[in-house]
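Hi,

Here is the structure I promised to hand over. Please have a look, then read my notes below.

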Amino acid sequence: MNFKTLGEFIIEKQQDFPGSSGDLSRILSAIRLASKIVSQQVNKAGLARHILGGAGTDNIQGEAQQKLDVYADERFIEALNNRGNVCGIGSEENDEFIELNKEGKYIILMDPLDGSSNIDVNVSVGTIFSVFKRVSEVGSSVVLKDFLQKGTEQVAAGYVLYGSSTMMVYTTGNGVNGFTYDPGIGVFFLSHPDMLFPNKNKIYSMNEGNLQRSSKGVQDYINYCQEVDKKTNRPHTGRYIGSLVADFHRNLIKGGIYIYPATDKSPKGKLRLLYECNPLAFLTEQAGGKASDGRNRIMEIKPTELHQRVPYFVGNTDMVEKAEEFIAKE
Ligand code: AHM
Ligand code: MG
């Protein structure tokens with residue numbers, strides 16, 4: 001077993017940049033702390049009835065019921081606010097961005113609990129986060145353009161997967177590293193150093209219930225995944241949990257592509273560019289993969305609104321390029 005902890009790893013990496021303010025390290029530590037608190041709640045969700053189901057009602061003791069995604073949102077905001085170096089947070093849970101410390105240099109974009117509809121059925125969920133430097137002046141109020149930066153400007157991104165183990169996987173632009181949580185002692189250990197998509201085109205993940213509602217290119221690509229061809233090791237294996245972090249994490253380890261295309265019901269796709277697609281795109285590129293909207297690199301899309309949606313194709317480079325080929329032909 002590797003006994004390097006996430007805390008040690010963060011400090012070690014900070015030392016690679018002499019003179020660094022340590023702000024980014026403090027942000028990563030805040031995320032680590034909030035994720036431990038959320039992990040504990042996720043694990044007892046089946047017992048703690050007040051965190052299941054819909055928010056907005058009172059429980060039997062007259063306490064306001066709180067959905068776990070609202071709970072997670074609050075814990076991450078509190079933890080990040082406490083470090084004092086974050087000036088604003090955009091979250092999938094909040095309509096508007098939130099201003100924190102005017103003196104802070106960093107912006108956070110996050111989906112505090114992605115796939116939360118899976119909580120009630122005991123399926124893995126995740127937190128996704130992305131860190132940017134503000135573009136407005138330090139000391140002033142944050143403005144929308146601080147949040148609407150291209151994914152290429154990310155300084156760090158990652159996810160926490162609350163699965164059979166809790167894991168935190170992140171990048172600061174120097175590769176991807178994964179840490180597994182030991183709840184007995186409350187510590188994340190480096191378990192997956194230097195993660196890369198394996199050179200195996202193995203899995204495709206899409207909600208195939210949407211196939212008839214998708215474009216011809218997507219339909220043709222899924223047909224291609226299902227075709228029998230010994231030479232290219234097809235058919236690919238179909239796996240879809242419906243929880244983005246879990247689907248993404250499995251594909252990162254085993255090799256695969258995750259697709260959420262535009263459909264006639266959701267013409268811009270379902271997933272959010274800022275909270276879900278950009279952070280996983282940064283991780284993907286750092287792990288040797290590719291992230292696209294079917295035609296363009298995700299990280300080069302200039303966002304125009306906070307909750308913008310985008311079609312998403314992410315995973316092994318070969319597989320994403322093959323999907324793009326079919327889309328280019330439609
Ligand atoms: P959410 O942010 O409201 O939780 O929605 C995102 C989730 C992803 O985790 C998952 O991949 C996708 O929605 C599943 O959508 P669908 O049920 O349409 O397949
Ligand atoms: Mg989400």
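Start with asparagine 122, in the loop between β3 and β4. This residue is not a glycine, yet its phi is positive, at about 60°. Keep in mind that the model is predicted.

Proline 235 belongs to the loop between α5 (216-226) and β10 (237-238).

Now the metal. Which residues supply the protein donors of the magnesium ion (ligand 2)? They are Glu92 (OE), Asp111 (OD), Asp114 (OD) and Glu276 (OE). Their distances from the ion run from 1.9 to 2.7 Å. Along the chain, the donors of this magnesium ion follow the spacing E-x18-D-x2-D-x161-E. Glutamate 92 is in the loop between β1 and β2 (98-99), while aspartate 111 is in strand β3, so this pair ties together parts that are 19 residues apart in sequence.

Next, the domains. The chain divides into domain 1 (6-192) and domain 2 (203-328). Their C-alpha centres are 24 Å apart. On the contact count, 46 residues of domain 1 meet 31 residues of domain 2.

How much area is buried between domain 1 and domain 2? The value is about 2,800 Å². Carbon and sulfur atoms give 68% of that area. On the domain 1 side, Ile128, Leu148 and Tyr159 lose the most area to domain 2. Together these three make up 22% of what that side buries.

What about polar links across the interface? The rule finds 0 salt bridges between domain 1 and domain 2. Polar contacts are there, though: 12 residue pairs, with both partners at pLDDT 80 or more.

Several elements build the side of domain 1 that touches domain 2. Those giving two or more residues are the strands β1 (86-91), β3 (106-114), β4 (125-133), β5 (156-162) and β6 (166-171), plus the helix α4 (144-147). By class, that side of domain 1 has 20 nonpolar, 20 polar and 6 charged residues.

Best wishes

Key: Residues numbered from 1 in each chain as written. Chains lettered and ligands numbered in written order. Predicted model: local features only at pLDDT ≥ 70, side-chain atom pairs only at ≥ 80, totals over all residues. Heavy atoms only, no water. Domains from an automatic or database assignment. Contact = heavy atoms within 4.5 Å. Buried area = accessible area lost by both parts, 1.4 Å probe. Salt bridge = Lys/Arg side-chain N within 4 Å of Asp/Glu carboxyl O. Polar contact = N/O pair within 3.5 Å; in protein donor to acceptor, adjacent residues only side chain to side chain. Helix = DSSP H or I, 4+ residues; strand = E, 2+ residues; numbered from the N terminus. Nonpolar A, V, L, I, M, F, W, Y, C, P; charged D, E, K, R; others polar. Donors = N, O, S within 2.8 Å, 3.2 Å for Na, K, Ca; no water.
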